[in-house]
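Open the model in a viewer and keep the selection tool at hand. The stops below go from a sheet to the helices around it.

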Amino acid sequence: MSYLTLSLTLIFVLIPLILSRTLKLGLEKDTIIATVRSIIQLLAVGYVLQYVFETDNIIFILLMILLMIGAATQNARRKGTSIRGITWKLVITFIFIEVLTQSILLGLNIVPPTPQYIIPISGMVIGNSMVLGILFLNRFTAEVENLQDETELILTLGGTPKQAIHTQLITSIKASTIPTIESQKTIGLVQLPGMMSGQIIAGADPVQAVQFQLLILFILLTTAVVTSIMLGYLSYPTLFNQRMQFLKLRS
Amino acid sequence: MIQAAVEFQNVHYSADGLHILKNITGAFPFGKITTLVGPSGAGKSTLFKLCNGLRSPDSGEILIKGTSIDSYDPVELRRKVGIALQSATMVKGSVLENLELPLTLQGKKIDIEFALELLHDVGLEGEFLERNAKELSGGQRQKLSIARTLVNKPEVLLLDEITSSLDRVSQRDIEELIEKINEKYGTTMIWITHNLEQALRIGHFTWVMMNGELIESGESSLLKNPRDKRVQDFVKGEVE
C-alpha cells in the first residue's frame with residue numbers, strides 16, 4: 001500500500017469527526033489526538049521493527065520486549081495504586097508470562113526463533129496480559145473494598161489471610177478471565193480476529209492464517225488465566241501484616 | 001485478688017490521624033462479666049479489636065491471661081478471644097454454613113447435634129439450619145452471630161452491642177444465655193452496651209469510657225453512684 005492510498009483511509013477518521021461536530025458530541029479533540037498518536041506510534045514501531053528484523057540481534061529483541069513490559073506496567077499500575085508494590089508485581093507477572101510462553105513456543109519448535117515471530121507474539125502476549133491485569137485489579141480492589149466486613153469476620157473467627165480473602169480473589173480471577181474464554185467461543189462466527197485478517201489481506205493462505213490464529217488464541221488463554229492468578233496471589237498478602245491484620249487499601 | 005483475663009497497660013491507639021485510645025490501663029477480671037459503657041465514639045469497639053488482635057496498639061501492652069498478646073499466634077489468639085460484632089456479618093450461604101464457618105476454617109465439619117444445641121441455646125429453631133443466612137432478620141442474625149462465636153469455645157468472649165436490635169424478650173433470653181455460659185464454662189465476658197440498666201443488671205464489673213479514655217471502672221454498682229462528674233452526667237443521659 002502506498003502512502004497516497006494510506007492517506008485516503010483518513011476518510012474513516014473524517015466521518016466520526018463530522019458526526020461528532022454535527023451532533024456536538026465533543027469527541028473531535030480526542031479523535032484527532034488518537035489518530036495522530038496512532039500514526040506516529042505505529043510508523044515508529046514499523047521502522048524500529050524493520051531495523052530489528054534486518055539486524056537480527058538478540059539484544060534488540062530483548063530491548064523491544066523490555067520496552068513492551070515497561071509500557072504495559074506503566075499503563076496497568078494506574079489501576080492498582082491502592083495495592084502496595086503493584087509496579088513490581090506487574091513487572092514480575094509480565095516477565096513470567098513472556099518467559100513461559102516463549103519457552104514453550106521456541107523450546108518445542110512451534111515457531112522459529114526469529115524476531116519476526118518472537119516480537120509480534122510477545123506484543124500480543126504482553127498486551128493481553130496488561131488488559132487482563134487491568135481487569136483483574138479493577139475487580140479485585142472493588143471486591144476487597146466491598147467485602148471488608150466479611151474479611152474481618154473470617155479473621156476474627158481464626159481464619160488466615162488467605163481464607164479471609166479467598167472469595168474476593170476467586171471472584172476477581174473468574175471475572176477477569178471469563179471475557180477471554182467467552183470471546184473464544186464465538187470467534188470466527190461473528191468476527192475474524194485481527195491477526196488472521198491481516199495475514200489473509202497480506203495474501204497468506206487462509207488455513208495457514210487460521211493455524212497461527214489458533215496458536216495465538218491458545219496462548220492468550222494461558223496468558224489470561226496465569227496473569228490473573230499470579231497478580232492475585234502476589235497482591236493479596238500486601239493487604240495484611242505479619243500479625244494477620246487486615247490493612248486498608250491505600251487511597 | 002481476681003486474676004485478669006485481659007489487661008491493658010498504658011495502651012494508646014491511633015488511626016487515620018485520630019488518637020482513638022488514650023493511655024488505657026485496666027483489667028477485665030477472669031471468669032466475670034464486665035460491661036463496657038460510654039457514649040458513641042468513646043473507642044469501645046476499637047478496644048475490642050485490640051483484644052482480638054485485629055489491631056495493634058501504638059504503644060503500651062495488652063496481656064491475655066498474663067502473657068503479652070504479641071506472644072500468641074494470631075489464629076490461636078482469635079480462637080481464644082472470640083468476638084461477636086454489632087454488624088453480625090454473614091457470609092454467603094445457609095445458616096449451617098455460617099454456624100460451621102469457624103470449623104470450616106480449620107478444615108473440620110460441625111456435628112449436627114452440636115449445631116442444633118447451639119441454635120437452641122440462642123433461641124433459634126432447628127429448622128433455620130437450611131435457611132439463607134443473608135435473609136434472616138437483624139435479631140436472628142445477631143443470635144446466629146453469637147452461636148457462631150461459641151463454636152470456637154472461646155475463653156474470652158467480646159460482645160459488641162449484641163442485643164441492640166433485639167426485642168425485650170429476646171434481649172432477656174440472650175442475657176440469660178450469656179450468664180449461663182459464664183457460669184457453666186467460666187468464660188470471661190466483655191460486653192459493650194448502650195443500655196445502662198443492662199450493664200448494671202448483668203455486669204459484675206463495668207468500665208466507663210469517654211473520648212478514648214477509661215474514666216471509671218469497678219463493680220457495676222458504680223453506675224448508681226459515679227464519682228466522676230462526666231460519668232454522673234453520662235448516667236443522667238446528658239452526654240450522648
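What is the order of the six strands in the open sheet of chain B? The order is β6-β7-β8-β3-β9-β10, with mixed pairing; strands are DSSP runs of E of at least two residues, helices runs of H or I of at least four, both numbered from the N terminus. Two strands pair if DSSP finds at least two bridges between them.

This is a predicted model, where local features need pLDDT of at least 70, side-chain atom pairs count only at pLDDT 80 or more, and totals for chains, interfaces and linings use all residues. Residues are numbered from 1 along each chain as its sequence is written, chains are lettered from A and ligands numbered from 1 in the order in which they are written, and side-chain values use heavy atoms, without hydrogens and water.

Select β6 (81-84) and β10 (213-219) of chain B: each stands at an edge with a single partner strand, so one side of each has no neighbour in the sheet.

Next, take β3 (residues 33-37) and β9 (residues 205-210) of chain B, which run parallel and are joined by four bridges. Leu36(B) is opposite Trp207(B) in β9(B).

Finally, select Lys143(B), Ile146(B) and Leu150(B) in α5(B), which meet residues of α6(B) including Ile174(B) and Leu177(B).

Definitions and conventions:
Contact = heavy atoms within 4.5 Å.
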